[in-house]
Every structure is written in C-alpha cells, then in structure tokens.
Amino acid sequence: MLETLNIKTKRRIQMIDITGDISKIVSDNNVKSGISVVYVPHTTAAITINESADPSVKDDIITKLKELVPESGKYTHLEGNSDSHIKTSIFGASEQIIIEGGKLVLGTWQNIYFCEFDGPRNRKAYVKLIKQ
Ligand code: ZN
C-alpha cells in the first residue's frame with residue numbers, strides 16, 4: 001500500500017505538522033505493528049521530526065536555517081534556488097517511524113513535519129506502511 005498526501009504550502013519556507021495525517025493512514029490501514037516510511041519526492045522539500053508543543057522551536061529552526069543558508073550567495077545553479085536544495089539535503093527526503101499497538105511510536109514532544117524550502121507550491125509526501 002502506498003498512500004499519497006497532497007500538501008499545499010503557503011510560504012517560501014514553512015514547516016507543516018503532518019503527524020495527524022500519518023496517524024490516520026496507519027489507523028485506516030489497520031497496521032498494528034510495523035514501520036511507516038514518510039518520503040518526499042521533491043528536491044526542495046524535506047521531512048523532519050521535531051518538537052511541536054512550543055511553536056517557537058519551529059520558528060527558531062527556520063530563522064537559524066535562513067541565517068546558515070541564505071537565499072542569495074555565490075551559487076551557480078541557474079534556477080536561483082540553490083539555498084532550497086541545500087536546506088533540503090541538510091534535512092533529508094524521508095523519516096521512518098515505528099508503529100506499535102496501532103500507533104506511531106513518537107516521543108512526548110515529537111511530531112512529523114513536512115518542510116517546504118521553495119514554496120508556495122503543491123507538494124506530495126508518500127507514506128509506505130510495512131506490516132510486521
Ligand atoms: Zn533548483
């Protein structure tokens with residue numbers, strides 16, 4: 001089973017919490033034990049797991065990332081979005097989350113984020129569930 005999440009981003013850089021969507025896919029497919037792979041088929045968007053309880057964590061990640069990898073610089077890529085590609089490679093295209101007892105095994109403060117680095121765009125995230 002391969003599920004697709006369609007995500008419409010609104011800003012150039014944005015972190016969108018997709019934990020609820022992934023949890024729903026797990027319960028809809030009745031997977032009690034296994035692994036969920038969340039994969040983004042884009043070169044300027046990524047997946048990460050981090051804190052959601054305090055929204056300022058997400059804001060700080062975005063602010064620091066903009067500082068570390070500025071939008072303009074000595075880049076050669078003609079499309080003009082090298083910073084987006086670099087940010088994407090730092091974060092990576094996928095995360096794997098254990099499923100146990102029909103639920104995603106996440107720490108108390110952990111949630112799953114779709115990371116837009118060259119929006120706004122219409123994006124996809126694929127979810128593959130592997131039953132054990
Ligand atoms: Zn590009």
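Reader: Glutamate 71 first. Buried, exposed or partly exposed?
Author: Partly exposed. Glutamate 71 has a relative accessible area of 49%. Keep in mind that this is a predicted model.

Reader: Which side chain does glutamate 71 meet in a salt bridge?
Author: Arginine 12. The N to O distance is 3.5 Å. Arginine 12 sits in the loop between strand S1 (2–8) and strand S2 (14–17), and glutamate 71 in the loop between helix H2 (55–68) and helix H3 (82–91), so the pair ties together parts 59 residues apart in sequence.

Reader: What about arginine 12 and aspartate 118? How far is N to O there?
Author: 3.8 Å, and that pair is a salt bridge too. Aspartate 118 lies in the loop between strand S7 (110–116) and strand S8 (122–131), so this pair links distant parts of the chain, 106 residues apart.

Reader: Is aspartate 118 buried or exposed?
Author: Buried, at 12% relative accessibility.

Reader: Which residues end up in one network?
Author: Arg12, Glu71, Asp83, Lys87, Asp118 and Arg121. Salt bridges with shared partners join them.

Reader: And how many salt bridges in total?
Author: The count is eight. One of them pairs glutamate 116 with arginine 123, with the closest N and O atoms 2.7 Å apart. Both of those residues are buried.

Reader: Switching to the metal. Which protein donors does the zinc ion have?
Author: His77 (NE2), Glu79 (OE), Asn81 (OD1) and His85 (NE2). They lie 1.9 to 2.2 Å from the zinc ion. Along the chain, the donors follow the spacing H-x1-E-x1-N-x3-H.

Reader: Why is the arrangement irregular?
Author: Because the four donor atoms subtend angles of 91 to 146° around the zinc ion. A tetrahedral call needs all angles between 85 and 135 degrees.

Reader: Histidine 77 and asparagine 81: buried or partly exposed?
Author: Histidine 77 is partly exposed, with a relative accessible area of 34%. Asparagine 81 is buried, at 4%.

Reader: Now the sheet. What's the strand order?
Author: S1-S8-S3-S5-S6. It is an open sheet of five strands with antiparallel pairing.

Reader: Which strands stand at the edges?
Author: S1 and strand S6 (103–104). Each has a single partner strand, so one side of each is left without a neighbour in the sheet.

Reader: How many bridges between S3 and S5?
Author: Seven. Strand S3 (residues 33–39) and strand S5 (residues 94–100) pair in the antiparallel sense.

Reader: What stands opposite glycine 34?
Author: Isoleucine 99, in S5.

Conventions
Residues are numbered from 1 along each chain as its sequence is written. This is a predicted model: local features need pLDDT of at least 70, side-chain atom pairs count only at pLDDT 80 or more; totals for chains, interfaces and linings use all residues. Side-chain values use heavy atoms; hydrogens and water are left out. A salt bridge is a side-chain nitrogen of Lys or Arg within 4 Å of a carboxyl oxygen of Asp or Glu. Helices (H or I, at least four residues) and strands (E, at least two) are DSSP runs, numbered from the N terminus. Buried means under 20% relative accessible area, exposed over 50%, partly exposed in between (1.4 Å probe, protein chains only). Donors are N, O and S atoms within 2.8 Å of the metal (3.2 Å for Na, K and Ca); water is not among the atoms, so sites may look incomplete. Four donors count as tetrahedral if all angles lie between 85 and 135 degrees; four count as square planar and six as octahedral if opposite donors are over 155 degrees apart and all others between 65 and 115; anything else is irregular. Two strands pair if DSSP finds at least two bridges between them.
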